[in-house]
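Please prepare a short briefing on the structure shown below, with the points grouped by topic.

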Amino acid sequence: MTLALVNPNTSTTTTAVMVDIAAQEAGADVHIEGFTAPFGAPLITGPDALDHAAEAVVALAPELSRADAVIVAAFGDPGLSQLRSVMDVPVTGIAEAAMAEAAAVGRRFAVATTTPDLVSRISETARKFGHHGFAGTWTTTGDPVAVTTDPDAATSALMEAILAAVRDAQVDAVVIGGGPLAVAARALVNTSPVPLIEPVPAAVRLSLSRIREGADQ
């Protein structure tokens, strides 16, 4: 079984990191094949870059056709609906999957991320999927690129955002909002005061569930 993990930004390093984390979740029987956006930004930090990334994701559709399922691994889920319209296999976004896990059993949840310019898009995603328990997005301070590309800085800054969300909104869970933040998310899982949802593993779990559901039909 093969899962195609699409990195909607142009960083091959980020693709490799997310593929490794996805493979740890998927297990030995599942092959994770990484694909990197052929054009766009090395890190998606704003709406324009997110929209451009959607075009890059859709451009990869012919290469993704041999996979059993596809994961769109940027938190804005760029190109998700467009890719679904042209693919015959399950296509899952990491924001879609992570928010679904966070909202399970009616939990109130927040998103912690490094990209303040994408806060409104994150809210739109939560509304689109009907998550009434979404309490909002808490962001780190400073330049998003500098924070995201320094694992230690990202871990420290995201913990501050998590603690602020718990303090300010009494949330029951926090989603880490970003595929490139996968390493920081993993580092924070055991220290977060509330359950922390890692978006890439969540997308792997949902993808495998959708494959099984399709096989049972």
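Thr140 sits in the loop that connects strand S6 (134-139) to helix H7 (144-148), where helices (H or I, at least four residues) and strands (E, at least two) are DSSP runs numbered from the N terminus. This is a predicted model, in which local features need pLDDT of at least 70 and side-chain atom pairs count only at pLDDT 80 or more, while totals for chains, interfaces and linings use all residues. Residues are numbered from 1 along each chain as its sequence is written, and side-chain values use heavy atoms, with hydrogens and water left out.

**Surroundings of Thr140**
- Thr140 has a relative accessible area of 6% and is therefore buried (buried means under 20% relative accessible area, exposed over 50%, partly exposed in between, with a 1.4 Å probe and protein chains only).
- Apart from neighbours within four places in sequence, Thr140 is in contact with Thr113, Thr114, Val147, Ala157 and Leu158, contact being heavy atoms within 4.5 Å.

**Strand S5 and its partners**
- Five of the five residues of S5 are buried, with Phe109, Val111 and Thr113 on one side and Ala110 and Ala112 on the other.
- S5 runs parallel to S6 and is joined to it by four bridges, and two strands count as paired if DSSP finds at least two bridges between them.
- Within this pairing, Phe109 stands opposite Phe134 of S6.
- The chain passes from S5 through H6 to S6 in a right-handed β-α-β crossover, a term which applies if, with the strands pointing away from the viewer, the path from the first strand over the helix to the second runs clockwise.
- S5 is also joined by four bridges to S7, again in parallel, and here the bridge partner of Phe109 is Ala173.

**Nonpolar cores**
- The largest nonpolar core has 34 residues, of which Leu3, Leu5, Ile32, Phe75 and Val175 touch the most other members; such a core is a set of buried Ala, Val, Leu, Ile, Met, Phe, Trp, Tyr and Cys residues joined through side-chain atoms within 4.5 Å.
- Among the elements that give two or more residues to this core are strand S1 (2-7), H1, strand S5 (109-113) and helix H10 (199-216).
- A second, separate core of 22 residues includes Ile162, Ala164, Leu181 and Leu196.

**Helix H1**
- Helix H1 (residues 12-26) has buried residues at Thr14, Thr15, Met18, Val19, Ile21, Ala22 and Ala26.
- Gly27, which follows H1, has a positive phi, near 95 degrees.
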